[in-house]
Amino acid sequence: MPHVTTPDGAEIFYKDWGVGRPVVLSHGWPLNSDSWEAQQLFLASHGFRAIAHDRRGHGRSSQTWHGNEMNTYADDLAALIDGLDLRDVTLVGFSTGGGEVARYVGRHGTARIAQVVLVSAVPPFMLRTDDNPDGVPAEVFDAIRAGSLADRSQLYRDLADGPFFGHNRPGANVSQGVRDAFWRQGLQSGHRGAYECVAAFSATDFRADLDAIDVPTLVVHGDDDQVVPFEVGGKASAARIKNATLKVYPGAPHGITDTHKDQLGADLLEFLNS
């Protein structure tokens, strides 16, 4: 399996499909690059080189004891981009992956980056604090950590069957297969890596990272996102990033990479060709 090796020796697995201008896709928690397969296949079939990696602690990458935080995630992404000598890259980050993309720009700049896309992404800052009063209460993330320790498998079932895909909404019709895929990918992650990643996506302040983005940026978010609320995530990010374009999916949940994959594919393609 293809891997790049990071400076601390972690092996980062990646899938490299297609030929053309590179698009690098960063996944959400507790998933892996398989969660991007619909978009990766679509983009590779439309003349782009679509590359998706497994974050450390997730999927087929190393389950390191240390480094399960945003600075290291961003440096791992840099190791992938530098190792493959990618240039003129479009970075696409879903949920936690959006934080990884933002922190990459904050730490490594945009010399190799042409565009940025944030999809249902966690920036600017999820956690409610004195200077972020509209954020999500810490108790929400404490409950996720407690559920992970008590019964990790059931936690992932409950997320997939409930808020992640909006399956708890009246009239929702999310297939068993889609929900099972979330559960399967979650259990491919390492217990410690997935546990520590909760703090990484919830308590990392990305506001300065967003301020550093100086390339065309597309922000996509559903306005019924129960995981990263629209006002906390997409709306706030689009308002902060210079000249960002915001696309709102009415009534859409968090997991739009599956529930709205055709619409998302079309919007990505339009942005890539703009």
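This is a predicted model: local features need pLDDT of at least 70, side-chain atom pairs count only at pLDDT 80 or more; totals for chains, interfaces and linings use all residues.
Residues are numbered from 1 along each chain as its sequence is written, and side-chain values use heavy atoms, with hydrogens and water left out.

**Thr72, continued.** I placed Thr72 in helix H2; helices (H or I, at least four residues) and strands (E, at least two) are DSSP runs numbered from the N terminus. Not counting residues up to four places away in sequence, Thr72 touches Arg56 and Gly67, where contact means heavy atoms within 4.5 Å. Thr72 and Arg56 are 16 residues apart along the chain, and their C-alpha atoms are separated by 9.0 Å.

**Strands.** I then checked E2 (residues 11-17), which pairs with E1 (residues 3-5) in the antiparallel sense over three bridges; pairing requires that DSSP finds at least two bridges between two strands. Phe13 in E2 is the bridge partner of His3. Five residues lie between the strands of this hairpin, and Gly9 takes a positive phi near 95°. E2 is also joined to E4 (residues 48-53) by four bridges, again antiparallel, with Asp16 opposite Ile51 in E4.

**Core.** Which residues touch the most other members of the largest nonpolar core? I found Trp29, Leu91 and Tyr104, out of 75 residues. Helix H2 (residues 70-83) gives the largest share of this core, seven residues. A nonpolar core is a set of buried Ala, Val, Leu, Ile, Met, Phe, Trp, Tyr and Cys residues joined through side-chain atoms within 4.5 Å. Beyond its neighbours within four places in sequence, Trp29 has contacts including His58, Ile144, Phe164 and Phe201.

**Pocket.** I looked up the lining of the largest pocket and counted 18 residues, with Asp34, Ser35, Ala181, Gln185 and Asp258 nearest its centre. A pocket is an open set of points on a 1 Å grid over the protein atoms alone, where a 1.4 Å probe fits, with protein on both sides within 12 Å along at least five of seven lines; lining residues have an atom within 4 Å of a point. H5 gives the largest share of the lining, five residues.

Methods:
Buried means under 20% relative accessible area, exposed over 50%, partly exposed in between (1.4 Å probe, protein chains only).
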